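Please go through the structure shown here with the report beside it. Short sections follow the display.

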Amino acid sequence: MKLAEPDILDARILIVDDQESNVQLLEQLLREAGYTRVTSTMNPQEVCALHRRNAYDLILLDLQMPGLDGFQVMEGLKTNESDGYLPVIVLTAQPGHKLRALQAGAKDFISKPFDLVEVRTRIHNMLEVRLLYKKLESYSVELEQKVQERTAELRESEARYRSLTELASDWYWEQDENGAFTKVSGPVLEMLGIRVESLAGDRSDAGLAGWNEGERKALQSMIAARQPFLDFAFSRTHPDGTCQTFRVSGEPMFNQACRFVGYRGIGIELPAGT
């Protein structure tokens, strides 16, 4: 991820210094360097309100000012910054203040009296980092939005596919992680040879006669082991000697944390003699 030089030169910069000569020097230096959005104030009381309105990309902040010093201004700015990033370079003639300013949240410092090459370099570097930070933050928000949109699309697609699947099959069912049926379309309980009290109405095995016990147990074992199965064939013989043959497919379901949350599947009855 790179920034074009015009993006850096278009950054919003605020100069805060109670000495008019310092303000004029910095303004001239920045404009000669090509910066186009430079403003200033000699009143530290105005800084927080100005930043709240204009969201500066960089604030050049003098530390020693009457009424409200630079450290107090930074504390006030912290209440404005929703992203937790304090875009401040402090201006100081006191070596002992540099470390304290960095600990207070400033991102860099410029020593007084000014070395003009140092001033230009530190401002340019600071702005490049700041704007890249904002660009990355914007990209993260955009990416998250795209992920949410894509997730919604996939869910809609899955819902359409599930609806089509139900139409193309004789039975569709869903079970929760405890094996309880949460959705049933068609005579799936009878097809699987499973009785569930909440849906079947009773717990008797009266409706289970005639199933091929080996096939039925093999199917139940795959479900219990959370294994997917495709076109599993099994049959049932009625008292009159007629035989029904079924084919069923199913898969386990997992949530985003990879936790098993249930089962779903479809089934069809095969024509006689198949």
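## Basis

This is a predicted model.

## The sheet

Five strands make up an open sheet. Their order is β7-β6-β10-β9-β8, and the pairing is antiparallel. The edges are β7, residues 181–185, and β8, residues 229–237. Each of these two pairs on one side only. From one strand to the next, the twist averages 20°.

Strands of a sheet pair through backbone hydrogen bonds, in a parallel or an antiparallel way. Take the pairing of β6 with β7 as a case. Strand β6 spans residues 171–176. Its pairing with β7 is antiparallel and runs over 4 bridges. At residue level, Y172 has S185 in β7 as its bridge partner.

## A helix across the strands

Which strands does helix α9 lie across? They are β6, β8, β9 and β10. The helix itself covers residues 213–224. Strand β9 takes in residues 243–254, and β10 takes in 260–270. Relative to β8, helix α9 runs at about 145°.

## A nonpolar surface patch

Four residues form a nonpolar patch on the surface: L136, Y139, L143 and V147. Together they have about 370 Å² of accessible area.

L136 belongs to helix α6, which spans residues 116–168. Is L136 buried, partly exposed or exposed? Its relative accessibility is 46%. Buried means under 20% and exposed means over 50%, so L136 counts as partly exposed.

## R100 in helix α5

Helix α5 covers residues 95–103, and R100 lies in it. R100 has a relative accessible area of 46%, so it is partly exposed.

How far apart in space are R100 and F71? The C-alpha to C-alpha distance is 8.9 Å. In sequence, R100 and F71 are 29 residues apart.

## T242 in the loop between β8 and β9

T242 sits in the loop that joins β8 to β9. With a relative accessible area of 40%, T242 is partly exposed.

What does T242 touch, leaving aside residues up to four places away in sequence? The contacts are R236 and T237. T242 can also be placed relative to A272. The two are 30 residues apart in sequence. In space, T242 and A272 are 9.1 Å apart, C-alpha to C-alpha.

Terms used: Residues are numbered from 1 along each chain as its sequence is written. This is a predicted model: local features need pLDDT of at least 70, side-chain atom pairs count only at pLDDT 80 or more; totals for chains, interfaces and linings use all residues. Side-chain values use heavy atoms; hydrogens and water are left out. Patches are made of residues with over 30% relative accessible area and no salt bridge: like charges are joined within 9 Å, nonpolar side chains (Val, Leu, Ile, Met, Phe, Trp, Tyr) within 5 Å. Accessible areas come from the Shrake-Rupley method with a 1.4 Å probe; for residues, only the protein chains shown count as cover. A salt bridge is a side-chain nitrogen of Lys or Arg within 4 Å of a carboxyl oxygen of Asp or Glu. Buried means under 20% relative accessible area, exposed over 50%, partly exposed in between (1.4 Å probe, protein chains only). Two strands pair if DSSP finds at least two bridges between them. Axes are lines fitted to C-alpha atoms, for helices over the stretch in contact, and angles run from 0 to 180 degrees between N-to-C directions. Contact means heavy atoms within 4.5 Å.
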